Structure formats: structure tokens, C-alpha cells
Amino acid sequence: SWKGGPEVSAPGGWSFKPRGRLQLDSAIIDAPASVNAGDGLGFGTEVRRAFLGVEGTLPGNFGYRMEVDVASSGVELTDVFLTYKPTDKLTFTLGHQKAFWGLEELTSDLFTSMLERAAFNSAFNFERRVGLSGVYSNKDLLVQLGAFSANAEDLTSDGNNSYSFDGRIVYAPKIGEGRLHVGGSAHFRDLNDSATSVRYRARPFFHTTDVRLVDTGNIPATGERSFGAELAYVQGPFHATVEGHQITPLRPGLSNPTFRGGYAEIGMLLTGDATVYKGGIYDRIRPKSPVSAGGIGAVQMNLRYDRIDLNDEDVAGGLQQAAGLSAIWIPEDYVRFILNYGHLWVSDAAVLAGADPDYQVDTFGVRAQFDF
Amino acid sequence: SWKGGPEVSAPGGWSFKPRGRLQLDSAIIDAPASVNAGDGLGFGTEVRRAFLGVEGTLPGNFGYRMEVDVASSGVELTDVFLTYKPTDKLTFTLGHQKAFWGLEELTSDLFTSMLERAAFNSAFNFERRVGLSGVYSNKDLLVQLGAFSANAEDLTSDGNNSYSFDGRIVYAPKIGEGRLHVGGSAHFRDLNDSATSVRYRARPFFHTTDVRLVDTGNIPATGERSFGAELAYVQGPFHATVEGHQITPLRPGLSNPTFRGGYAEIGMLLTGDATVYKGGIYDRIRPKSPVSAGGIGAVQMNLRYDRIDLNDEDVAGGLQQAAGLSAIWIPEDYVRFILNYGHLWVSDAAVLAGADPDYQVDTFGVRAQFDF
Amino acid sequence: SWKGGPEVSAPGGWSFKPRGRLQLDSAIIDAPASVNAGDGLGFGTEVRRAFLGVEGTLPGNFGYRMEVDVASSGVELTDVFLTYKPTDKLTFTLGHQKAFWGLEELTSDLFTSMLERAAFNSAFNFERRVGLSGVYSNKDLLVQLGAFSANAEDLTSDGNNSYSFDGRIVYAPKIGEGRLHVGGSAHFRDLNDSATSVRYRARPFFHTTDVRLVDTGNIPATGERSFGAELAYVQGPFHATVEGHQITPLRPGLSNPTFRGGYAEIGMLLTGDATVYKGGIYDRIRPKSPVSAGGIGAVQMNLRYDRIDLNDEDVAGGLQQAAGLSAIWIPEDYVRFILNYGHLWVSDAAVLAGADPDYQVDTFGVRAQFDF
């Protein structure tokens with residue numbers, strides 16, 4: 001069968017499929033000239049993601065995925081794991097994987113509604129980690145639990161012996177013509193002498209820069225705990241999502257600050273296509289009338305409010321709010337073009353505009369994408 | 001179908017093919033013992049190129065290629081792009097690609113007639129860049145235009161906002177039994193504060209060393225412009241090529257030097273095989289009688305004069321001239337062995353022989369190669 | 001056909017197969033608290049190997065393999081070569097390959113009986129190198145010879161012009177119901193000004209740490225020579241292996257020390273399966289009754305004594321002895337889980353326990369593995 005690329009299979013449970021994706025981004029980040037960010041802002045172009053990999057299945061209900069990102073002219077491991085599915089409802093995964101951070105983080109970056117996920121997803125250092133997880137799904141219920149060490153690259157250091165426990169529950173019943181999604185996640189991490197501090201910071205809406213206008217700097221910590229809440233409703237071409245997450249670094253001998261981030265979004269497909277929700281996350285929208293069939297493909301408009309607050313207790317990392325508007329064009333299945341505008345209000349910023357910690361930034365970005 | 005590796009396809013426009021190539025080189029660069037190049041010259045062996053990647057097509061006239069070079073035990077992106085072919089005559093390419101530098105640079109490194117391309121191709125920093133290009137081809141005419149930012153690896157730096165406009169025109173009519181190739185290219189690049197200098201330099205005929213005997217050193221510049229001219233004639237087993245390129249770094253407040261390079265070459269297949277020219281470049285020679293069919297494969301002899309002059313105005317980078325002789329053996333389609341001798345005359349060299357800037361160098365190299 | 005992954009072929013000698021492997025390790029290295037190894041010991045997790053690559057054949061008896069290890073979030077070339085098989089008995093290999101170090105080193109890391117090979121294999125710097133080799137095999141006889149330069153990554157340095165000659169002979173006659181294996185190898189390497197010293201050292205049984213308790217430090221040398229001896233017997237579910245290797249760094253103007261390592265091992269499959277020996281090395285054990293067929297797969301128990309002595313002449317690198325016990329479970333072909341316990345006796349250690357160079361270490365590790 002064909003899923004962007006060929007999937008080959010053989011009797012007994014064997015299958016194999018190459019995987020890959022390419023995201024090419026250009027963006028303008030138009031901050032006041034007085035913002036002290038060197039040459040990091042302004043116009044930028046980057047290979048956002050360039051994944052190459054494979055996935056497959058073996059007899060005995062085993063499966064695997066091995067994929068790397070080479071976008072930065074280096075190697076970053078992404079999904080690199082072995083799976084075991086004793087029943088249709090249960091999946092165990094051993095290896096480098098996402099730790100059930102929340103709805104948008106678990107939704108593939110191929111299917112996000114803006115160029116980048118909401119600020120808290122990167123600010124709170126959501127990443128893949130090597131661990132063992134179990135997922136139980138039964139009709140409307142999804143339970144995800146895992147124990148993790150650290151990111152694969154961090155594990156190349158002998159001294160890294162951090163660990164975490166992460167879980168997420170989703171209840172997603174049909175409500176009339178649509179589907180409701182209610183979810184929550186909890187995360188407990190012990191740095192266990194692998195590090196003595198944590199840091200939370202966020203880019204200004206796009207990834208073409210490495211500048212972070214809001215940034216807590218290093219916070220002495222022995223661990224961190226975080227909680228996420230998710231609410232969404234999907235019906236035909238329409239979806240609405242609200243998600244929040246709060247994280248608390250555990251400071252020895254000091255009171256613990258709590259930082260909060262979240263977003264609210266609505267989106268609408270204008271072309272008679274339907275938003276796709278599956279397994280507790282958003283999935284691939286396949287245009288009913290692609291260009292190759294004489295249609296115009298699928299077009300989705302999305303509007304979002306995104307907020308990350310890195311001020312609490314004695315930590316003043318700044319508050320970044322953004323209004324985002326995106327238009328996504330899917331001319332063919334597996335091909336996607338995105339236009340994305342964002343307006344940012346930054347206050348108590350870690351990067352000043354002259355002497356002023358409060359200012360606004362306009363951003364505009366485009367992406368071309370395909371995958372297989 | 002099979003093209004070195006398997007090409008799988010499915011109805012509607014889907015196709016997929018793995019890609020790869022390996023080039024293993026050994027070479028001796030025999031310079032006077034007094035040449036002050038540390039242990040960089042002499043005998044060397046290297047994995048010259050080790051590419052792994054994929055290419056494919058999607059419905060709607062989309063296509064893609066993603067390939068990386070891992071020869072240096074790192075990742076270098078090579079062709080990483082999305083294409084769109086609205087008609088047979090028109091191709092748009094978005095992503096990491098060559099910027100239409102000239103005949104030899106656009107000819108695949110799998111099919112060059114010496115181990116390395118003529119010195120100006122590397123001296124003038126021809127490279128792939130992220131950009132958008134359009135190619136129009138109609139019978140004997142080829143027009144290539146593009147706007148580019150920088151090399152993918154350079155783009156990982158926030159500050160890189162250089163851009164260029166590049167174009168090339170080729171007219172290639174049939175003349176009697178053969179085909180004439182006349183081409184020209186023009187290139188305009190603005191460094192746009194991403195850098196404040198450019199540098200031109202060339203290796204001594206082979207790539208096994210990182211020593212450059214001719215080298216302008218850093219030249220303060222805000223941009224550069226260059227022009228190339230190409231002339232070739234192909235008839236059956238014979239080909240002759242002449243190509244030249246001149247580049248001018250734009251120096252603020254100073255007169256602009258112009259550096260010139262070029263080569264002239266003739267080649268002959270001795271085995272009844274034919275040189276292959278296609279789409280404005282040289283293409284794969286497929287032996288009529290490969291070893292597996294009881295033949296001896298294809299054998300090509302090539303003779304070249306190669307010149308790079310990095311002296312102009314107040315810049316004294318040196319003059320390197322080379323006479324090259326190569327024998328290429330293609331025992332089977334997709335397998336190639338090359339013997340290559342080169343004699344170099346270096347003057348005003350950046351690397352002295354004792355106190356003498358003028359000297360001669362003998363080089364001999366071999367390559368084993370396959371691809372799929 | 002299917003070999004973990006799909007092997008595609010076409011008439012005339014074409015074939016192509018993707019390759020990959022994943023090994024995920026966790027281990028505890030429980031040394032006395034006084035051992036001065038920073039945070040390098042204790043509990044550790046790592047992606048031990050993550051290979052991605054391809055192999056194939058071409059008409060004319062050519063073949064190739066290109067594979068890289070990305071486990072360390074970088075690229076390490078593994079098998080990257082072109083082969084030519086003029087007859088069934090003769091294979092020439094050009095490229096990055098193993099230099100016939102010995103039985104266990106040449107046995108794939110997929111099939112070793114402990115998590116790691118015996119200490120001398122890494123202590124003596126067995127590695128892949130770029131070179132040309134020839135292998136002759138005829139019934140019970142195997143002769144392997146090669147000339148090599150250096151590891152691909154080392155060759156990216158201009159100055160590396162080391163070379164070696166390496167050979168191995170194996171005689172493996174059937175003896176009654178079983179097969180005897182007798183082998184020897186010899187290795188001569190000239191550093192040839194690419195380096196001025198060598199260093200021998202070994203990890204404490206597992207690879208999750210980069211600490212080496214035994215370590216000669218840098219030894220001034222112009223080259224090294226080494227010899228290996230191998231003896232094994234395989235019959236049905238049983239195997240016994242004894243292997244030793246001694247290496248002598250060649251010190252200019254000083255007497256040459258000789259360091260010795262070796263191991264003795266017995267193993268037994270408890271599930272009616274058979275140990276597989278092929279082409280002078282151990283090969284893949286395929287369970288007769290995998291879990292998918294209602295069985296329990298194959299289970300193998302192995303017991304080993306492993307010794308590395310880095311003390312000789314004026315060099316006091318230490319002596320490390322280990323007793324290892326492993327249980328290997330192969331629930332399905334191409335999937336493997338390993339439990340491994342090791343007890344180490346270290347004396348004259350390079351890393352002291354307080355002031356004491358003699359101490360003992362307990363280790364326990366697990367691995368999950370699949371390949372295709």
C-alpha cells in the first residue's frame with residue numbers, strides 16, 4: 001500500500017515503510033529597532049525539519065520506528081523505538097519517544113495549525129526521552145503512562161541520570177455530530193544530580209531565530225513537576241482547542257515558582273473538508289478534491305491566542321502574548337503550504353528594547369512541507 | 001523499475017526510490033619537499049562522498065529529493081527540495097539546490113571527467129543554497145533562474161541573511177551528427193551583513209588534502225557578482241568542453257578585483273560507447289558491453305587544461321595551472337573506476353616552497369565509485 | 001524476500017535491502033563509593049547502537065553496503081564498502097570494513113553473547129578502517145587478508161597516513177556432530193607520523209559509562225603489531241569459545257611492552273534451538289518456536305571469564321578480570337532481549353578507590369534489540 005511512500009508487507013506480520021519529511025520556513029520577525037537582539041531578528045530562512053527514517057512491524061506484534069532529523073546539518077534522534085502490542089487496546093513502547101506532554105505536543109508537527117506550537121511547548125522543554133511507556137485505549141478513553149530517563153543526546157553524557165514519570169488521560173466522547181476531547185497530564189522529574197538548574201524560555205512565535213525575548217535564565221533546581229489540561233471540540237470542518245500547562249521547578253531551600261502557559265484556538269476548513277481527530281490528537285487532513293483531481297485542495301483558517309508567563313515569585317522571565325492567524329493550503333495529500341501572521345505583546349522581557357521591557361513585535365512566516 | 005536501486009510506483013503519480021553513492025579516493029600529491037604545508041600533502045585516502053537519500057513523486061506533479069552526505073562522519077545536506085512541474089517544460093524547485101553555476105558544477109559529481117571539477121568551481125565557492133528556482137526547457141533552449149539565501153548549514157546561524165539571484169541560459173542545437181552547447185550564467189549576491197568578507201582558494205587538483213596553494217585570504221566585501229561562459233561539442237564517443245568563470249567581490253570603498261578561472265577539455269570513449277549529454281549537462285555513460293555481458297565495459301580518456309588566477313588589483317592569491325589526464329573505466333552501469341594524473345604549475349603561491357612562490361606539483365589519484 | 005526488512009531484486013543481479021538496528025541499554029555499575037570516577041559510574045541508560053543503511057548487489061558480481069550509526073546523535077560510518085565476487089570462493093571488499101581482528105570482533109554485535117565483547121576488543125582499539133581486502137573460503141578453510149589505512153573519521157584529518165596489514169586464517173572442520181573452529185590472526189600497523197602514541201584501555205564490562213578503570217595512558221609509539229588466537233566448538237545448542245589477543249606497541253628507543261587479553265566462554269540454548277556458526281563467525285540464532293507461533297522463543301545462557309592485562313615492562317595500566325553471566329531471550333527472529341551480570345576484579349587500576357588500586361565491581365545490564 002502507499003502512505004506518501006510505499007509500505008511493503010509480507011505474510012506473518014512483516015511490514016516496512018520509509019519515512020521522511022521536509023519543512024522549509026522563511027519568516028520576518030519585526031521587532032522595534034531598539035530591541036537588543038543582535039542580528040537574530042529580522043528576515044530568516046531555515047530548513048525547519050528534514051526527517052529521514054523507517055518504520056515497520058515484525059511477527060509477534062512487535063513494531064519499530066527509527067527516524068532522525070538532519071535539518072541542522074547534524075543528527076537529532078526523533079522517534080527511535082520498539083513497540084509491542086499484545087492486544088488492540090494496549091501498546092508498549094521502549095525507546096526515544098514523547099512523554100505525553102499534551103494535545104499539541106503529541107500532535108505531529110506535520111499537522112499543527114500554526115508554524116510552531118504554542119509557546120509553552122518549547123518554553124517548558126518538552127522533548128523526546130528514552131523510556132518505557134504503556135498506552136491503553138478503549139473507545140473514548142485513552143490512558144498513557146511512562147517512565148523516562150533523558151533525551152538521547154543528553155544521555156551521551158555519563159553523568160545524566162535524571163528520570164521522570166509522566167502520564168496523560170484523555171476522554172473523548174461523541175457529542176452530537178462532533179467529538180469532545182477532555183484531557184489532563186502530569187509530569188514529575190528528578191534531575192538526580194545530572195544538572196543543578198532548569199531554564200524556561202520561548203522564541204518569538206517562529207523558529208527562524210534563536211533569540212528568546214522571554215527567558216527565566218538558569219533556575220537552581222533538583223527537579224520539576226508540571227500539569228497540563230486540554231479541552232477541544234471537533235465537528236466536521238470546525239475545531240476549537242484550549243490547552244494549558246503549568247510547571248514548577250523544585251528549588252532546594254527556596255519557595256517554588258510556578259510558570260503557566262496556554263492557548264485558545266479556533267479553526268475552520270473552507271473547502272468542505274473535515275478536521276481529523278484520532279487517538280487523542282489531531283491527525284492528517286486529506287483533501288477531498290486535490291489539485292490533481294481538478295479541485296483546489298483543502299484550505300484551513302486558524303485563529304489563536306497564545307500566552308506564556310514566566311514571571312513568578314522572585315523570577316522575572318517575562319510575559320509573552322501572541323495573536324496568531326494562519327492559512328493552511330493542502331493542494332495534495334502529504335503536501336502543505338502555510339501562511340502565518342503573529343502579533344506579540346511582550347512585557348518584562350528578558351531582552352530589552354533600549355531600556356524598555358515592554359514592546360510589541362509583528363511576525364510573518366511561510367512554510368512549504370511534504371512528507372512520506 | 002530499476003535505476004541502480006529499485007524505483008517503486010503506484011497509480012496516480014506516486015513513486016519512490018532510494019538514492020546513494022560512494023566515492024573512495026586515494027591520491028598522492030607530490031610537491032617539492034620545501035613546500036610549507038605541514039603533513040597535508042603526500043599520500044592521502046578519504047571517503048570522498050557517501051550519500052544516502054530518497055526521491056519520489058506525488059500526485060499533482062509534485063516531486064522531491066532528500067539526500068545527505070555523511071562522508072565526513074557528519075551530515076551535509078545535498079539535494080533537499082520539493083519540485084512542482086506544471087508542464088513538461090517547466091519545473092519549479094523549492095529547497096536546497098545548486099544555483100546554476102555552470103556546466104561542470106551542474107553535472108553530477110558521478111559523471112565528472114577528472115576526480116575533481118575544475119579549480120574555479122571550488123575556488124569561487126559554488127555550493128547548494130536554499131532558494132526557489134524555475135527552469136524552462138524547450139527543445140534546444142534551457143533557461144534557469146533562481147533566488148537563493150545561503151547554504152543550509154550556514155542558515156543554522158541566525159545572522160545569515162545573505163541572498164543571491166542566479167540565472168543561466170543554454171542553447172544546444174544539433175549540428176550535423178553532434179550537438180553544440182553554448183551557455184552563459186550570471187550571479188549576483190548580497191552578503192547583507194551576514195558576513196564582511198569573501199575568500200577564494202583552491203586545492204591542488206585533488207580533495208584528499210585541505211591545503212590550498214593558491215588563496216586570496218579574506219577580502220572585505222559586501223557582495224559578489226560572477227559570470228560564466230560555456231561551450232561544448234558532443235558527438236558519439238567524443239566531447240570537447242571549454243568553460244570559464246569570473247568573479248568580482250564587491251569591496252566597499254575600494255576598487256573591485258576580478259578573478260578568472262577556466263578549463264578546456266577533450267575526451268574520447270575507446271569502447272564504442274557514446275558520451276551522454278542531456279538537459280544542459282553531461283549525464284550517465286552506460287556501457288554497451290558491460291563485464292556481466294562478457295564485454296569490458298566502457299573506457300574513456302580525458303585530457304584537460306585547468307587554470308585559476310587569483311591575482312588581481314592589490315590581491316595576490318596566486319595562479320594555478322594544471323594539465324590533467326584521466327582514464328575512466330565503467331565495467332558495469334553504476335560502477336566506475338578512475339585513474340587521474342595531474343601536473344600543476346603554481347606561481348605567486350600563498351604557500352611558499354622555502355622562499356619560492358613558484359613551483360610545480362605532480363599528482364596521481366584513483367577513485368572507486370558506485371551509486372544507486 | 002524478507003530478511004527482517006524487504007529485499008527487492010531484479011533480473012541480471014540487482015538487489016536492494018534496507019538495513020537497520022537498534023540497541024537500547026540500561027546498566028548499573030556498582031563500584032566502591034571511594035572509586036574516583038566522578039558521576040561516570042552508577043546507573044546509566046544509552047542508545048547503544050542505532051544503525052540505518054542499505055545493501056545491494058549489481059550485475060557483474062558487484063555488491064555494496066552503506067550503513068551509519070547515529071546512536072550518539074552524530075554520524076559514525078560502519079560498513080561502507082563495495083564488494084566484488086569473481087567466484088563463490090573469493091570476495092574482494094574495498095572501503096570501510098573490519099580488519100579481521102578475531103572471532104568475536106568479526107561476529108556481529110547483534111549476536112554477541114554478552115552486552116559487550118571481551119575487554120581486549122575495545123582495549124586494543126579494534127575498529128573499521130578504509131582499505132582493500134580479499135577473502136578466500138573453501139569448505140573448512142577461510143583466509144582473510146587486507147591492507148588498510150585508518151578509520152573513516154580519522155581520515156578526515158589530512159595528516160593521517162597510517163597503514164596496516166592484517167590477516168586471519170580459520171580452519172573449521174566438522175568433528176562428529178559438531179564443528180571445531182581454530183583460527184589465528186596477525187596485524188602490523190605503521191602510524192607513519194599520523195600519531196606519535198597509542199593508548200589501550202577498557203570500560204568496566206558495560207558501555208553505559210566512558211570511565212575506564214584500566215588504562216595505559218598514552219604510550220609513545222611508531223606502530224603496533226598484534227596476534228590473535230581463536231578456538232571454538234559448536235554442537236547443537238552448545239558452544240564453547242576461547243580467544244586471546246596480544247598487542248605490542250613499537251616504542252622508538254625503548255623496549256616494547258606486550259599486553260594480553262582473552263576470554264573463555266560456554267553457552268547453552270535451553271529451548272531446543274541451535275547455535276549458528278557460519279563463515280568463520282557466529283551467526284543469527286532463529287528460534288524454532290517464536291512467540292508468534294505459540295512458543296516461547298529461544299533462550300540462551302552464557303558464562304564467561306574475561307581478562308585484560310595492561311601491565312608490562314614499565315607500563316602499569318592495570319589488570320581487569322570479569323566473570324560474566326548472561327541470559328538471552330529471542331522471542332521472535334530479529335528481536336532480542338539480554339540480561340547480563342558481571343563481577344569485576346580490578347588491580348593496579350588507573351582509577352583508584354581512595355588510595356587503593358585493587359577493588360571489585362558489580363555490574364548488571366539489560367538490552368532490548370531489533371534489526372532488519
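Contact here means heavy atoms within 4.5 Å. With that in hand, let me go through the interface between chain A and chain B. This is a predicted model.

By that contact criterion, 35 residues of chain A and 30 residues of chain B take part. The area buried between the two chains is about 2700 Å², and 77% of it comes from carbon and sulfur atoms. On the side of chain A, A:Trp2, A:Ser73 and A:Phe370 supply 23% of the area buried against chain B, more than any other three residues.

Now the polar side. Between chain A and chain B there are zero salt bridges, and two residue pairs are in polar contact. As for elements, β4, β5, β25 and β26 of chain A each give two or more residues to the side that touches chain B. β5(A), residues 42-58, gives the most, with six residues. By class, this side of chain A has 21 nonpolar, nine polar and five charged residues.

Next, the symmetry. Chain A superposes on chain B by a rotation of 120° with 0.0 Å of shift along the axis, at an RMSD of 0.0 Å. The two copies are thus related as by a three-fold rotation axis. A:Gly74 is the residue of chain A that comes closest to that axis, with its C-alpha at 3.7 Å. Only 3% of the interface residues of chain A are also interface residues in chain B, so the copies meet through different surfaces.

Last, one residue in a loop. A:Ser108 sits between α1 (103-106) and α2 (119-123) of chain A. A:Ser108 counts as buried because its relative accessibility is 17%, under the 20% cut-off. Beyond its neighbours within four places in sequence, A:Ser108 contacts A:Arg21 and A:Arg117.

Technical notes:
Residues numbered from 1 in each chain as written. Chains lettered and ligands numbered in written order. Predicted model: local features only at pLDDT ≥ 70, side-chain atom pairs only at ≥ 80, totals over all residues. Heavy atoms only, no water. Least-squares fit on C-alpha atoms with pLDDT ≥ 70 in both. Helix = DSSP H or I, 4+ residues; strand = E, 2+ residues; numbered from the N terminus. Buried < 20%, exposed > 50% of the residue type's maximum accessible area, 1.4 Å probe, protein only. Buried area = accessible area lost by both parts, 1.4 Å probe. Salt bridge = Lys/Arg side-chain N within 4 Å of Asp/Glu carboxyl O. Polar contact = N/O pair within 3.5 Å; in protein donor to acceptor, adjacent residues only side chain to side chain. Nonpolar A, V, L, I, M, F, W, Y, C, P; charged D, E, K, R; others polar.
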